[in-house]
Amino acid sequence: MTIDSTARMATLDSVGAARSDARARGTRSPWMPDLPAASTPTPPVGVDPAALLWSETVAPGGYTHLRVARGTRIRLEDLDGDASASVVVLSSLNTAERLNVADTQKIPWQAYLGAGHPLLSGDGRVLATIVEDTSGRHDALCGASGDAWNVRRFGDATPEGPTPSGHALLRMAAAKHGLTRRDIPPAASFFKGVRVAADGTLDWIGSAGAGTHVDLVAELPLIVLIANAPHPLDPRTDYVAGPLRVHAWRSRATDSDDPRFAASPERERAYLNTIAYAELAGL
Amino acid sequence: MAFTTTVPPRPIFAAGSVLDRSEPFVAGRIILDDDIAPRASWSAIVRAGDVFTLVDVGGNQSGDCLIFAAEDTSERYSAPDTLAWQGNAYVSTGTVLRSNLGEPLMTVVGNEIDRQDTIGGACSKESNTLRYGHHTAYQHACRENFLHEGERWGLTARDLVSNLNWFMNVPVEADGALGIVDGMSAPGRRVACRAERDVIVVISNCPQMNNPCNDFNVTPLRAIVTRPERAAR
């Protein structure tokens with residue numbers, strides 16, 4: 001292949017020319033944060049765009065990471081039915097307190113995530129609550145796709161390659177907060193469902209289709225790590241992930257007047273622990 | 001040293017409990033052979049090729065287990081990788097216990113109960129306040145054991161992930177209901193895992209003070225590491 005360098009030499013022959021070239025380039029892509037958030041092309045129904053704090057479209061095979069205040073509501077939206085969001089949440093007050101999928105399943109006596117389900121830390125507190133869910137197809141058993149898994153399936157798992165693993169992307173997101181792979185516990189995955197058969201077989205139920213969303217409310221100040229990579233049990237031979245929309249706005253943490261507060265004795269104690277911790281910390 | 005203590009009573013097992021210490025699952029040179037007292041922790045390096053046998057001496061005594069790559073503990077047991085690779089929610093003979101990078105750490109080469117759990121996680125002082133109430137917060141728990149034992153290897157709360165629960169029965173029912181139910185183990189039942197590389201195995205002998213799955217009778221576990229005889233060259 002012959003590369004024509006005429007344009008490069010013409011546009012980059014001085015810093016001024018290089019600057020002009022950079023500034024003249026396009027500023028839109030299908031996968032980008034919208035700043036300010038009110039400029040979102042798809043504001044959540046019922047939410048005043050001016051109240052939005054964050055708006056972003058995460059690329060297939062991409063990731064994002066948010067640092068949010070207690071009471072922030074985060075909407076994850078699967079536009080075309082192919083998004084696959086592997087999510088890890090950590091307390092930004094103490095990142096050793098992070099999502100514990102075992103407690104998240106054991107304490108509510110329920111393996112499948114859905115509306116009202118608390119995402120628990122290993123410290124007896126609720127990090128976030130799923131307050132709305134129009135998908136119902138999620139998974140807290142298989143985690144994000146791993147490096148060895150993607151290498152076996154596609155030959156590559158690196159973030160820069162055509163088939164990044166969910167775990168590799170979570171490691172990148174974590175690194176942006178000074179965290180390492182020690183800080184990435186098993187993840188919860190949204191928009192791709194798995195069910196357990198009587199003999200333990202993990203049955204793929206996949207996507208609920210286009211246009212579903214999941215809303216999380218942060219019950220403590222959080223670091224939220226999100227990878228958008230195919231679920232490990234996705235049976236398609238190709239690497240298929242769709243765009244993932246992310247919005248965030250100010251809401252409020254669960255309090256004793258919310259119906260979900262006392263949905264079960266275990267959850268009520270979890271919210272009591274969380275509220276006591278937050279108030280003691282001056283939040 | 002005759003003394004009394006005002007520390008609240010710790011669970012012990014009843015005199016006359018049926019105990020069966022069994023024997024190593026595979027033949028070979030015995031590298032380690034330790035009893036793990038009720039509610040205590042244990043850890044050791046298991047070298048590549050060696051076989052770790054855990055004996056449920058008194059029956060239905062949960063051995064909560066974490067595994068780390070010895071040369072770099074940031075690579076550690078991963079329940080989700082283990083389950084996704086085998087496409088099944090339960091651990092049994094042949095299950096490859098994989099790391100957070102998806103690499104084999106150990107392989108289950110022997111298992112004498114129907115299925116083993118890796119979904120239910122460890123008990124903790126904190127989670128016990130949710131499951132049972134704040135009156136249990138003073139009690140000892142597996143997470144305490146992991147933190148205490150982990151200190152030996154430089155491991156901290158950052159290193160605690162979803163663990164294995166040897167000899168514990170945690171089914172997932174059709175509607176997603178999940179919980180610890182009556183155990184399927186018995187005195188002397190064993191599980192055995194071959195190390196695929198040098199690993200640190202950490203065990204918490206679960207205090208189980210609030211779950212009737214072992215009749216509130218906490219019994220010892222026996223941990224054995226065997227080096228199988230190599231074929232003569």
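Let me begin with a term: a residue is called buried when its relative accessible area is under 20%, exposed when it is over 50%, and partly exposed in between, with a 1.4 Å probe and protein chains only. What we have here is a predicted model, in which local features need pLDDT of at least 70 and side-chain atom pairs count only at pLDDT 80 or more, while totals for chains, interfaces and linings use all residues. Residues are numbered from 1 along each chain as its sequence is written, chains are lettered from A and ligands numbered from 1 in the order in which they are written, and side-chain values use heavy atoms, leaving out hydrogens and water.

Six of its eight residues are buried, so strand 6 of chain A is largely enclosed by the rest of the structure.

Now its partners, where pairing requires at least two DSSP bridges between two strands. Strand 5 of chain A, residues 118–120, pairs with strand 6 in the antiparallel sense over three bridges, and A:L120 has A:V126 as its bridge partner. These two strands form a hairpin with five residues between them, and A:G124 in the turn has a positive phi of about 75°. Strand 11 of chain A, residues 212–218, is also antiparallel to strand 6, over five bridges, with A:L216 as the bridge partner of A:I130.

Finally, A:V224 touches, by heavy atoms within 4.5 Å, several residues including A:L66, A:I74 and A:V88, not counting those up to four places away in sequence.

Terms used. Helices (H or I, at least four residues) and strands (E, at least two) are DSSP runs, numbered from the N terminus.
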